[in-house]
Amino acid sequence: MYRSLIVMKKILLFVILAGLFCSSSFAADWKSPADAAIQMSPGAISRLESKKDKSAQDIYMLTILYYREYQRVKLKRLFNDHQDKWSDNPAMKLLQGIILMWDHRYSEGRSVLTGVINDYPDFYPAEVTLSHLDYLQKDFDRSYRKALQMIEKQRELSRFHFAVSLMIAAGAKGILVKKNWIKGIPAYFEVKGYLKKAQKQMPDSAETLYAVGSFYLLIPPLVGGDLDKAIVLLEKSRQMTPLNPSVYVRLAQAYRAKGLTAVSRKYITKAMELDSQDEILLDDISGAKVFLDVP
């Protein structure tokens, strides 16, 4: 009897330690689940979505999947269904920060993301998201600097977050040169270098197609701009992420430059239906073109 109690205590201790190990392992490893998420088959995604008792890791992986696809409704449902159980978990805080960013509630989103970074300094997915938020808020200098910091941590990032950091750096740097491509030739090569690295990490992904397509759209023909190539790449991205309002705006700009006004208007209308407050949409409609337009 006494020996049985000892054995039971050892088993219980093992279970507790194993649980703690798994929990701390996930807390420290934000790389592997993200890499796994971007490689999931449709069937695996469906099984993960239908799983009843989702872990923090499940929520984190679904957050990445929905973030990539601009699935605002699914992101909010995921948060509402699990916020009570995982309210203090960094994965849930990341999910909340992304939702607030997509809702254009920048101050609240920044507060949430900054808070989780303070609590978990090695939680780099939140840093990458904060760099994205800076970009949308038109703080291109801060967005660029933050993206560079993340790029330097390549070994600690998932392939997805590294590629996103490269694309944010490319976008922010491209805008910072303010169309002055004569003085900005070094910047042109820098931007092109980031995009090549991003393509190597995630070839033919919707994000990469959008970034490279925008590059061909926004740079002058003298240094490689190509409207036709831009349209091909952006149309592929649109087909893969039909809920991304910004890709419709970039396509509208491309078709407008080609003289296809009716097609351009159709895409602007679609962008407005998806998100009337989309930053690039409002920038285009206002005529400010801070996010650039066809040269």
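At what angle do helix α6 and helix α7 pack, and how far apart are their axes? The legends below take that view and then move on to some ring pairs. This is a predicted model, in which local features need pLDDT of at least 70 and side-chain atom pairs count only at pLDDT 80 or more, while totals for chains, interfaces and linings use all residues. Residues are numbered from 1 along each chain as its sequence is written, and side-chain values use heavy atoms, with hydrogens and water left out.

**View 1. Helix α6 packs against helix α7.** The angle between α6 (residues 90-102) and α7 (residues 106-119) is about 160°, and their axes are 8 Å apart. Axes here are lines fitted to C-alpha atoms over the stretch in contact, with angles from 0 to 180 degrees between N-to-C directions. That makes α6 roughly antiparallel to α7 (under 35 degrees is roughly parallel, over 145 roughly antiparallel, 65 to 115 roughly perpendicular, the rest oblique). On the α6 side, the contact (heavy atoms within 4.5 Å) is made by Pro 90, Lys 93, Leu 94, Gln 96, Gly 97, Leu 100 and Met 101. On the α7 side sit Tyr 106, Glu 108, Gly 109, Val 112, Leu 113 and Val 116.

View 2. Across the whole structure, a search turns up 13 aromatic pairs (Phe, Tyr or Trp rings, the last by its six-membered ring, with centres within 6.5 Å; planes under 30 degrees apart are stacked, over 60 edge-to-face, the rest tilted). Tyr 70 lies in the loop between α4 (56-69) and α5 (72-86) and Trp 102 in helix α6, so the pair ties together parts 32 residues apart in sequence. Tyr 70 counts as buried at 18% relative accessibility, and Trp 102 does at 7% (buried is under 20% relative accessible area, exposed over 50%, partly exposed in between, with a 1.4 Å probe and protein chains only). Ring pairs also link Tyr 67, Tyr 70, Trp 102 and Phe 160 into a cluster.

**View 3. Tyr 135 pairs with Phe 291.** The ring centres of Tyr 135 and Phe 291 are 5.5 Å apart with the planes at 55°, so this pair is tilted. Tyr 135 belongs to helix α8 (residues 124-136) and Phe 291 to the segment after α16 (279-286), 156 residues apart. Both Tyr 135 and Phe 291 are buried.

Technical notes:
Helices (H or I, at least four residues) and strands (E, at least two) are DSSP runs, numbered from the N terminus.
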